[in-house]
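This note sets out, point by point, what may be read from the structure shown below. Please keep the model in view while reading.

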Amino acid sequence: MEYHVKDLSLADKGKLRIEWAEKDMPVLRQIRERFEKEKPLKGITIAACLHVTTETANLMITLKSGGADVYLTASNPLSTQDDVAAALVKYFDIPTFAIHGEDTETYYQHIKEVLDRKPNITMDDGGDLISTLHKERQELIPNIYGGTEETTTGVIRFKAMEKDGVLKFPVIAVNDAYTKHLFDNRYGTGQSTIDGILRATNRLLSGSIFVVAGYGWCGRGVAMRAAGMGAEVIVTEVDPLKALEARMDGYRVMPMKEAAKIADFIVTVTGNINVVDKEHFEVMKDGCIVANSGHFDVEINLKALREMAVSQRDIRENVREYQLPDGRRIYILAEGRLVNLAAAEGHPAAVMDMSFANQALSAEYLVKNHQKLQPKVYKVPDELDFEVARLKLNAMGIKIDQLTDEQKEYLSSWEHGT
């Protein structure tokens with residue numbers, strides 16, 4: 001297939017929305033302007049498996065401006081914005097394979113479509129592209145310079161592959177860049193998750209008991225925003241350091257079995273499986289709303305809930321009601337998938353600006369340095385991370401101090417004492 005989108009007639013609307021997002025992505029704009037002049041990706045084929053949103057569209061346009069042949073597929077069936085996919089095909093000549101709500105078979109067929117283009121660089125959000133390549137298309141590996149990974153979940157997968165000795169090419173952990181996880185994960189996930197919950201339910205958060213499972217950077221962001229809207233936040237954790245940090249930040253901390261008894265809302269942001277399980281459904285109060293903002297739809301054990309329920313129905317868009325034998329009702333948002341993308345529009349463009357700037361610069365880095373890299377997971381080089389921060393500050397009109405020669409000498413010397 002040349003492309004596979006829902007309806008090309010949606011392209012005009014998508015183009016306008018891509019333009020709207022671009023206005024809030026000044027770092028990527030500065031990189032695109034340089035790429036247009038220098039063409040650092042000329043002759044390179046890039047296969048990307050990312051959320052097909054307005055922000056991703058601007059990344060694809062930037063990569064193409066750098067000379068790359070770009071092919072895009074969706075990393076989540078419910079996050080695809082059909083108008084954006086149509087616009088990428090019609091107005092930007094970027095082959096896109098993504099349809100909102102596509103089934104699992106179509107999802108993996110689309111992944112195979114972009115792999116058929118024999119990429120030099122892969123871009124992942126969650127790891128399905130590289131995982132499929134390693135399992136089914138190893139003949140493509142000699143052609144691969146390396147890959148990038150956008151999420152905590154994907155980085156964990158690739159580090160496990162590296163540990164087991166099965167990772168066949170270098171992967172840059174874009175998620176681990178400071179200008180990604182400190183901002184995208186915290187402020188992006190925080191705002192967009194609350195946005196998705198409110199759009200799906202139209203419920204008041206103020207005065208509610210809001211449980212956040214996991215206190216990584218995403219969990220911090222969700223807890224911060226829920227508390228800011230007047231909710232009483234409870235954090236559940238398995239990591240004693242993160243649990244202690246959550247308590248020091250002012251939140252109650254307890255096991256999920258206890259939190260589930262009193263929760264009005266529960267949101268999972270762990271990247272792990274069955275964080276909300278049968279034992280938790282058994283004690284939830286009537287009307288509890290459960291959502292996920294971790295990468296995959298495995299954090300909530302929906303199989304167990306379906307087996308427990310005597311009936312289920314879609315009561316609102318992105319809200320499914322499960323009634324239990326005793327009459328209690330539990331509400332699952334967005335089928336347990338990413339609520340911030342399925343029920344809302346994902347992260348605001350201003351925060352994705354930095355994340356996708358890291359993606360673009362990491363692709364350039366792979367082109368220049370792939371021959372020196374081993375099949376390992378690498379952090380984004382500090383110089384790229386700092387460049388993104390510098391460009392962001394510049395776009396915001398913010399200036400900062402610089403160390404004097406005297407200060408540099410003091411910091412680098414061991415001879416200066418008290």
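Predicted model: local features only at pLDDT ≥ 70, side-chain atom pairs only at ≥ 80, totals over all residues.

1. The overall form comes next. The chain contains 17 helices and 15 strands. Its radius of gyration is 22 Å, close to the 22 Å that the globule rule gives for 418 residues, so the chain is as compact as a globular protein of that length. The C-alpha trace spans about 70 × 65 × 45 Å along its principal axes.

2. How much of the chain is buried? Of the 418 residues, 56% count as buried. The chain exposes about 19100 Å², and carbon and sulfur atoms supply 50% of that area. Among contacts with a separation of 6 or more, 72% are accounted for by residues 24 or more positions apart.

3. In soluble globular proteins, nonpolar side chains tend to be buried together. The largest nonpolar core in this model has 53 residues, and those with the most contacts inside it include I31, L41 and L59. Helix α15 (residues 349-369) provides the largest share of this core, with 11 residues. A second, separate core has 26 residues, among them I197, V269, Y331 and A343.

4. Leaving aside residues up to four places away in sequence, L59 touches L28, L50, M123, F356, Q359 and A360.

5. Is K392 buried or exposed? K392 lies in helix α16 (residues 382-395). Residues under 20% relative accessible area count as buried; the value for K392 is 11%, so K392 is buried. With residues up to four places away in sequence not counted, K392 touches D24, P26, V27, A350, D353 and M354.

6. Helix α6 (residues 128-136) has 7 of its 9 residues buried, so this helix is largely enclosed by the rest of the structure. The buried residues are D128, L129, I130, S131, T132, L133 and H134. Which elements do the buried residues of α6 pack against? They pack against the strands β1 (45-50), β4 (121-124), β5 (146-149) and β6 (171-173), and against the helices α5 (104-115) and α7 (152-163).

How values were computed. Residues numbered from 1 in each chain as written. Heavy atoms only, no water. Core = buried A, V, L, I, M, F, W, Y, C linked by side-chain atoms within 4.5 Å. Buried < 20%, exposed > 50% of the residue type's maximum accessible area, 1.4 Å probe, protein only. Helix = DSSP H or I, 4+ residues; strand = E, 2+ residues; numbered from the N terminus. Contact = heavy atoms within 4.5 Å. Rg over C-alpha atoms; globule rule 2.2 N^0.38 Å. Areas by Shrake-Rupley, 256 points an atom, 1.4 Å probe, with all protein chains shown as cover.
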